[in-house]
Amino acid sequence: MGDPKYVLIRSAAIAFAAWGGTSFRAADLTSANFNHACLKSADLRQATLNRTSWLHTCHLDRLRPGSSFLSNPQIRTLVQTGQGQGIDLTHLNLRGINLADAQLKDACCRATDLSEATLSGANLTRANLVQTQLDQTDLTGAILTGATIEDWGITGDTNLQGVRCEYVYMHSVKEGDPDPNPRRKPDNYEETFAEGEFGDFIKPIVDTLDLYHNQNVDSGAIAIAFKQLAENNPEANLEIVAMEKRGQDKFLLRAKTPQHANHSQLSQQYFADYNQLRSLPNQETQRLIAEKDDRIRSLENFVEIALKRPSFYAENYQQRGDLMSENSGVNINTRDGNVSGVAGGDISGVINLGNIQGDIHNAIQQLPSNPSQPNLKDLLNQLQTAIAEEPELDDTEKAAALAQVKKLAEAGQAPQDSRMKQLATKATGFLKGIAGSLTAGAKLVTAWDKVGPAIMSGFGLL
């Protein structure tokens with residue numbers, strides 16, 4: 001019956017038979033239950049089939065499905081039987097489908113649209129959920145153990161109540177992948193999520209705008225486009241929480257938003273500006289950067305660091321990582337269109353490390369002495385020297401790191417003040433992240449291992 005050679009003949013026969021069948025044309029069948037019903041010759045063209053149940057329904061192959069997912073023989077069998085072990089649903093539009101309690105072990109749902117679908121109680125053990133769209137999807141009580149969830153599209157309206165999951169993989173690994181690490185969570189292969197813990201783990205990354213750049217990454221265009229997005233949408237309270245280089249020429253910029261933010265609209269605005277900016281000559285882009293706020297240059301430099309050092313990320317999930325291998329704690333606040341805290345100051349144009357180090361030295365010398373605590377002056381001096389002499393860092397990276405040392409000196413004036421403590425948290429997170437991106441035995445790595453814990457302890461961060 002499914003032979004492509006007979007599709008036209010079969011469709012014509014069904015259309016003729018449907019003249020005498022039940023018509024649900026353009027009907028709203030949301031949450032309707034057709035379990036065990038006989039729908040021979042029924043007309044379902046243009047009908048709304050959100051969460052409609054078809055388990056053991058007879059003669060689904062003899063109705064008029066229109067353009068709905070029921071036009072696919074494989075999907076008809078799936079909704080009738082609930083058996084989909086190892087099924088390949090790649091790139092299919094299954095919005096609103098009802099797969100409650102379905103067996104979907106090892107299913108491939110890569111880039112599948114399952115928004116508004118019912119997957120309550122479904123067994124998705126080891127399923128490939130890479131880029132799967134799950135907005136307003138009901139996953140109540142579903143099993144996700146061993147699933148790969150890289151870039152999956154959950155939102156604040158995805159129901160994850162009672163999800164059963166012992167562990168997940170954050171990265172899809174293919175044969176010959178240069179990065180064979182699937183990034184299992186929990187990281188320790190001897191540990192598993194306790195009951196209800198997976199929901200707590202995944203919650204911080206639900207309400208984020210993920211701006212994924214898949215080719216020809218332009219840091220200048222990213223900086224300008226994001227600043228414009230923040231300025232044009234002040235109600236979105238955009239706050240960058242992660243940057244990550246993916247593969248050779250891919251880059252993810254992740255921004256936290258309020259739950260009500262329209263991610264689709266924000267993404268369209270951003271990439272319209274980004275693609276237009278990327279098409280400009282480099283000189284024109286740099287001219288635009290020079291005309292705008294100096295903090296745009298700082299964001300551009302920060303993106304450059306993330307691109308150069310794939311192991312260096314920024315995140316602000318209260319020390320809870322998602323796709324990050326380092327918990328740097330760096331927060332890049334862009335409320336009201338401002339991009340601050342990126343590199344701790346203006347490092348645009350020609351970088352004069354001598355002037356920067358002079359400013360830091362002056363800030364360190366103003367620190368009060370406290371015999372009951374480690375000598376913060378001495379610790380920061382050691383850190384400043386290590387950064388300045390680190391051969392693995394270029395001038396841009398040194399300037400960004402030195403700016404964080406200055407912030408620590410400023411925070412050291414009142415280490416118990418909550419605002420200063422927050423400043424220290426961000427600065428130490430940045431320094432920890434950039435040290436972690438260097439090779440073992442590097443000057444900065446050795447220095448950070450020595451003074452980092454003492455600095456953090458002095459601010460009560462350990």
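Histidine 36 is exposed, with a relative accessible area of 58%, where exposed means over 50%, buried under 20% and partly exposed in between, computed with a 1.4 Å probe and protein chains only. This histidine is found in the loop between helix H1 (7–18) and H2, helices being DSSP runs of H or I with at least four residues and strands being DSSP runs of E with at least two, both numbered from the N terminus. This is a predicted model, in which local features need pLDDT of at least 70 and side-chain atom pairs count only at pLDDT 80 or more, while totals for chains, interfaces and linings use all residues. Residues are numbered from 1 along each chain as its sequence is written, and side-chain values use heavy atoms, with hydrogens and water left out.

- Leaving aside residues up to four places away in sequence, histidine 36 touches Leu55, His56 and Thr57, a contact meaning heavy atoms within 4.5 Å.
- Histidine 36 and glutamine 80 are 44 residues apart along the chain, and their C-alpha atoms are separated by 9.0 Å.
- Asparagine 123, which lies in the loop between H2 and S1, counts as buried at 9% relative accessibility.
- With residues up to four places away in sequence again not counted, asparagine 123 touches Ala102, Gln103, Leu104, Lys105 and Ile143.

**The chain as a whole**

- The secondary structure of the chain comes to 12 helices and 6 strands, and buried residues make up 50% of its 462 residues.
- Among the contacts in the chain with a separation of 6 or more, 46% are accounted for by residues 24 or more positions apart.
- The chain has an accessible surface of about 21,400 Å², of which 46% belongs to carbon and sulfur atoms; accessible areas come from the Shrake-Rupley method with a 1.4 Å probe, and for residues only the protein chains shown count as cover.

**Salt bridges**

- Side chains of opposite charge can pair when their charged atoms come close.
- A search of the whole structure finds 8 salt bridges, each defined as a side-chain nitrogen of Lys or Arg within 4 Å of a carboxyl oxygen of Asp or Glu.
- Aspartate 113 forms one with arginine 95, and the closest N and O atoms of this pair are 3.4 Å apart.
- The pair links distant parts of the chain, 18 residues apart, with aspartate 113 and arginine 95 each in the loop between helix H2 (73–81) and strand S1 (168–169).
- Aspartate 113 is buried, at a relative accessible area of 16%, whereas arginine 95 is partly exposed at 37%.
- Arg95, Asp113 and Glu116 are linked in a network of salt bridges.
- Aspartate 106 forms a salt bridge with arginine 126, the closest N and O atoms lying 2.8 Å apart.
- Aspartate 106 is partly exposed, with a relative accessible area of 37%, and arginine 126 is likewise partly exposed, at 46%.
- Aspartate 187 and lysine 185 meet through their side chains in a salt bridge of 3.2 Å, N to O; aspartate 187 is exposed at 56% relative accessible area, while lysine 185 is buried at 9%.

**A patch of negative charge**

- Glu190, Glu191, Glu197 and Asp200 gather in a patch of negative charge on the surface, a patch being made of residues with over 30% relative accessible area and no salt bridge, in which like charges are joined within 9 Å and nonpolar side chains (Val, Leu, Ile, Met, Phe, Trp, Tyr) within 5 Å.
- Lys and Arg count as positive and Asp and Glu as negative, with His and the chain ends not counted, and the place of a charge is taken as NZ of Lys, CZ of Arg, CG of Asp or CD of Glu.
- Glutamate 197 has its place in helix H3 (residues 197–202) and is partly exposed, with a relative accessible area of 37%.

**Backbone features**

- Most residues other than glycine have a negative phi, and most peptide bonds are trans.
- The peptide bond from lysine 185 to proline 186 is cis, with omega near 0°, and proline 186 lies in the loop between strand S2 (184–185) and H3.
- Glutamine 46 is not a glycine, yet has a positive phi of about 65°; this residue is in the loop between H1 and H2 and counts as exposed at 61% relative accessibility.
- Histidine 91, although not a glycine, has a positive phi of about 65°; histidine 91 is placed in the loop between H2 and S1 and counts as exposed at 59% relative accessibility.
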